[in-house]
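Open the structure in your viewer and keep the selection tool at hand. The tour goes from one selection to the next.

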Amino acid sequence: MNKKLKYVGNILLCALIGGFFGYFIPWLNENITLYEVDFGFFVWMPSIFLFILGLYFFLKGKAVIKKGIEDDVCYDKADKQLTLALGCVGVSLPIIMICMILAFMNLLYMESFTIVMHCIILVLLIMIQTYLQKQIIDAVKIIYPEKRGNIYDTNFEKDWLDSMDEAELSRMYQCGYRAFKKMNVIYAILVLVLFIFSAANIIDVFSSLLVGSLWMMQYIVYFVNLYKMEHGKNRC
């Protein structure tokens, strides 16, 4: 009985949500217009801020290493700071790409000098991102001498993965699966929001189709790898 009531409740909830959207979409069409804003060179500030933050954590971790890893407290402190530094540098690349999109969204109307300056800043930020990541990885290797891999080598990820122990691999796999589950929720919300905006003719329908396609590709990649692991040719 409870299951039937829950099922009916879900149907009624979906009906209410659909009715709300039916009323809400025309209101959005009449009251909201999205404009393309020119942020100028300030558009790169989020990337620069992340680099400064990553550099701060890196220098704090490196200072502990220079003192010498003599006890567990210092060991954990250096490891924590370098992990935070890697996190900042890791997320900086997608932030740079987002900043690039915002910087060049009015490309056809921009002056040649502005375009060249944006290109120079973009190249410099990517170079800084790579160099800072290399410095952090080298510092991590001091704490973990068994770690292998050169950031400038195309096989870096494979070499780094091979140097992990079972506990590290387990944590990485768990984080990867949790990220997959969280992204399923995020994709669903984004598709719904973009659908509302596209239905109200505020944005093009291509945006919601693109996010939906990325969501589909994520699941396909996950399923294909799962199927290969469970039923691949190497299975007995």
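Predicted model: local features only at pLDDT ≥ 70, side-chain atom pairs only at ≥ 80, totals over all residues.

**Stop 1: a lysine**

Select lysine 134, which is found in helix 4 (residues 112-143). Is this residue buried or exposed? Lysine 134 has 18% relative accessibility, and because buried means under 20%, lysine 134 counts as buried. Asparagine 150 is 16 residues from lysine 134 along the chain, and their C-alpha atoms are separated by 7.8 Å.

**Stop 2: the largest nonpolar core**

Next, select Trp44, Phe58, Leu82 and Ile136. Of the 31 residues in the largest nonpolar core, these touch the most other members. Helix 2 (45-67), helix 3, helix 4 and helix 5 each supply at least two residues of this core. In soluble globular proteins, nonpolar side chains tend to be buried together.

Stay on tryptophan 44 and show its surroundings. Beyond its neighbours within four places in sequence, tryptophan 44 is in contact with residues including Ile96, Met100, His118 and Leu125.

**Stop 3: the largest pocket**

Finally, select Thr83, Leu86, Ile137, Trp160 and Met164. Of the 20 residues that line the largest pocket, these lie nearest its centre. The volume of this pocket is about 730 Å³. Which helix gives the largest share of the lining? Helix 3 does, with six residues. Helix 3 (72-103), helix 4, helix 5 (156-162) and helix 6 (166-199) each supply at least two lining residues. Colour the lining by class to see 11 nonpolar, four polar and five charged residues.

Terms used:
Residues numbered from 1 in each chain as written. Heavy atoms only, no water. Helix = DSSP H or I, 4+ residues; strand = E, 2+ residues; numbered from the N terminus. Buried < 20%, exposed > 50% of the residue type's maximum accessible area, 1.4 Å probe, protein only. 1 Å grid on protein atoms, 1.4 Å probe; cavity = no way out; pocket = protein on both sides within 12 Å on 5 of 7 lines; lining within 4 Å. Points joined across faces, edges and corners; volume = space filled by probe spheres on them. Nonpolar A, V, L, I, M, F, W, Y, C, P; charged D, E, K, R; others polar. Core = buried A, V, L, I, M, F, W, Y, C linked by side-chain atoms within 4.5 Å. Contact = heavy atoms within 4.5 Å.
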